[in-house]
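Please look over the structure below. A short report follows.

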2 protein chains.
Amino acid sequence: MEVRTLRELVRFDAEKKQKIPIFDSPQLYYDLYTLLPGQRQRPFAFKRSDKIVYVLEGVLRASVDGESADLAAGQALRVPAGAVNSLENAGDEPVVALVVVAPHPECAKRRKKRPDPGPGAG
Amino acid sequence: MEVRTLRELVRFDAEKKQKIPIFDSPQLYYDLYTLLPGQRQRPFAFKRSDKIVYVLEGVLRASVDGESADLAAGQALRVPAGAVNSLENAGDEPVVALVVVAPHPECAKRRKKRPDPGPGAG
């Protein structure tokens, strides 16, 4: 059985934010993000995948399409497919968050490759 | 922004296990499961979706294709698409778990409806 103890996977890097895969799955990303104070993930959007962030430790500043909020441990944020989001540790304590991206972006890309109805079809 | 405080959503029911949606998304299920001692989720398989269970409180007995393990708070389990799994609170304390199913089973079903190459194509 594929069981992971999350605290055994947690590691920080003074150079940059860490993205630590918990499971290897073709269906989704299921990762730990760790951010020391001041570290961030730059603005980014997944075209066809949702991203859900659940804060395990610390306070994470999240921005979605220009709005922002500080998420405490025990809070979850949904970033819908297509929304531009960024994450930042704007606090004094390390941040650990559980992040799901689904469907797996590679899988969503393959789905997009179905025949296009063409410019006259809309 | 879609932010949820998970402890505000937690509720138990003496009749049966609860499945509490955290977000409404076309891409995935992102739910809280709550189980009082003795409560369970019967064996089930998602054909094309992974299910990932992360235990927030209590000890959850999980079974996947005949193997079983007790998951403590802070542990995560991946149930790959197609595997039969069941969950049970075999302990004395309430269980709260964060459960992701992705891709959303309805979305995975639609993907399957692409034209079949037919019996001669394999």
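Where is the place of B:D65? B:D65 sits in the loop between β6 and β7 of chain B. The model is predicted. B:D65 is not a glycine, yet its phi is positive, at about 50°. B:D65 counts as partly exposed because it has 14 C-beta neighbours inside 10 Å, where buried would take 20 or more and exposed 12 or fewer.

Chain A has its own D65. A:D65 lies in the loop between β6 (59-64) and β7 (67-72) of chain A. Its phi is also positive, near 45°, in a residue other than glycine. A:D65 has 14 C-beta neighbours inside 10 Å, so it counts as partly exposed.

**How the chains relate**

**Cis peptide bonds**

In chain B, a cis bond joins B:A102 and B:P103. The table gives the omega values.

| Cis peptide bond | Omega |
|---|---|
| B:A102 to B:P103 | about -5° |

A:P103 is in the loop between β10 (95-102) and α2 (105-112) of chain A. B:P103 is in the loop between β10 (95-102) and α2 (105-112) of chain B.

**A sheet in chain B**

Four strands of chain B form an open sheet in the order β4-β9-β6-β7, with antiparallel pairing. Its edge strands are β4 (40-44) and β7 (67-71), each pairing on one side only. Neighbouring strands are turned by 15° against each other on average, direction ignored. Within chain B, β6 (residues 60-64) and β9 (residues 85-88) pair over four bridges. B:V64 stands opposite B:N85 in β9(B).

**Core and contacts**

The largest nonpolar core has 58 residues. A:A97 and B:A97 have the most contacts inside it. Beyond four places in sequence, A:A97 touches residues including A:Y33, A:V53 and A:L60.

A:F23 lies in the loop between β2 (18-21) and β3 (29-35) of chain A. A:F23 is partly exposed, with 18 other C-beta atoms within 10 Å. Leaving aside neighbours within four places in sequence, its contacts include A:R4 in chain A and B:I52 and B:R78 in chain B. A:F23 and A:R4 are 19 residues apart along the chain, and their C-alpha atoms are separated by 8.2 Å.

Note on methods
Residues numbered from 1 in each chain as written. Chains lettered and ligands numbered in written order. Predicted model: local features only at pLDDT ≥ 70, side-chain atom pairs only at ≥ 80, totals over all residues. Pairing = 2+ DSSP bridges. Helix = DSSP H or I, 4+ residues; strand = E, 2+ residues; numbered from the N terminus. Axes fitted to C-alpha atoms, helices over the stretch in contact; angles between N-to-C directions. Contact = placed C-beta atoms within 7 Å. Core = buried A, V, L, I, M, F, W, Y, C linked by C-beta atoms within 7 Å.
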